[in-house]
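Please have the picture in view while I talk.

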Amino acid sequence: MGQRFIHILNGPNLDLLGVREPHIYGRDTLADVEAACRAELDGSGVDLVFRQSNAEHELVEWLHDARIGAFGIVINPAAFSYAGYSVLDALKMCDCPIIEVHMSNIHRREEAWRAQSIMTQWVTGIISGMGIDGYVLAVRHLLQIDRRNAA
Ligand code: CA2
């Protein structure tokens with residue numbers, strides 16, 4: 001069997017995780033998220049591609065990469081969740097399980113628009129409100145699906 005990958009993609013402003021609004025998003029940085037996901041994958045034989053961009057077209061390109069190489073995708077589209085139709089189209093081209101993660105509970109935020117992710121209609125599952133644990137839980141779930149499929 002060749003190399004096997006989970007792709008974790010992060011949208012705009014998430015590079016400031018741990019720096020801005022810690023009361024909502026916590027004090028962990030995106031590097032901490034990546035480390036926690038790598039720890040979860042340790043010994044599984046699965047590799048991680050972990051990326052963040054503030055540019056919509058980069059997420060589209062990375063989803064094209066994931067379409068070929070990934071057996072699972074975790075995506076926090078951040079503000080692209082609400083109007084990133086090119087990201088949604090690219091997600092629709094991926095056949096593997098896709099987990100949408102939001103660190104905050106988007107249904108419990110002051111701004112009602114945060115609850116209206118256009119990605120949710122397409123993704124396999126959504127985790128929201130569990131902080132950075134949401135990423136780790138998503139990775140664990142994808143590994144579980146993969147093990148079941150292999151059995
Ligand atoms: O809860 C999440 O993970 C979000 O996807 C984060 C997005 C926000 O637009 C979504 O409504 C919910 C990005 C928040 C703004 O970027 C920041 C990142 C880190 C710290 C402060 C702001």
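This is a predicted model: local features need pLDDT of at least 70, side-chain atom pairs count only at pLDDT 80 or more; totals for chains, interfaces and linings use all residues.

Rolling a probe the size of a water molecule over the atoms shows where empty space is left. In this model the largest pocket holds about 440 Å³ of space, and its lining is made up of 20 residues, among which Pro 12, Asn 13, Leu 14, Tyr 25 and Arg 114 lie nearest the centre. If we sort that lining by class, we find 11 nonpolar residues, five polar ones and four charged ones.

Where does the ligand sit? The ligand sits in this largest pocket, and 15 residues surround the ligand, with Asn 76, Tyr 82, His 102, Met 103 and Ser 104 the closest. By class, this shell consists of eight nonpolar, four polar and three charged residues.

Let me now turn to individual contacts. A polar side-chain atom of Ser 104 is 2.6 Å from an oxygen atom of the ligand, while for Met 103 a polar backbone atom lies 2.8 Å from a ligand oxygen. For Asn 76, an N or O atom of the side chain is 2.9 Å from an oxygen atom of the ligand. Taken on its own, the ligand has 500 Å² of accessible area, and the protein covers 95% of that area.

Note on methods
Residues are numbered from 1 along each chain as its sequence is written. Side-chain values use heavy atoms; hydrogens and water are left out. On a 1 Å grid over the protein atoms alone, a cavity is a set of points where a 1.4 Å probe fits but cannot get out, and a pocket is an open set with protein on both sides within 12 Å along at least five of seven lines; lining residues have an atom within 4 Å of a point. Grid points are joined across faces, edges and corners, and a volume is the space filled by probe spheres set on the points. Ala, Val, Leu, Ile, Met, Phe, Trp, Tyr, Cys and Pro count as nonpolar, Asp, Glu, Lys and Arg as charged, and the others, Gly among them, as polar. A residue is near a molecule or strand if one of its heavy atoms lies within 4 Å of it. A polar contact is a pair of N or O atoms within 3.5 Å; within protein, one must be able to donate a hydrogen and the other to accept it, and residues adjacent in sequence count only if both atoms are side-chain atoms. Accessible areas come from the Shrake-Rupley method with a 1.4 Å probe; for residues, only the protein chains shown count as cover. A molecule sits in a cavity or pocket if more than half of its atoms lie within 2 Å of its grid points.
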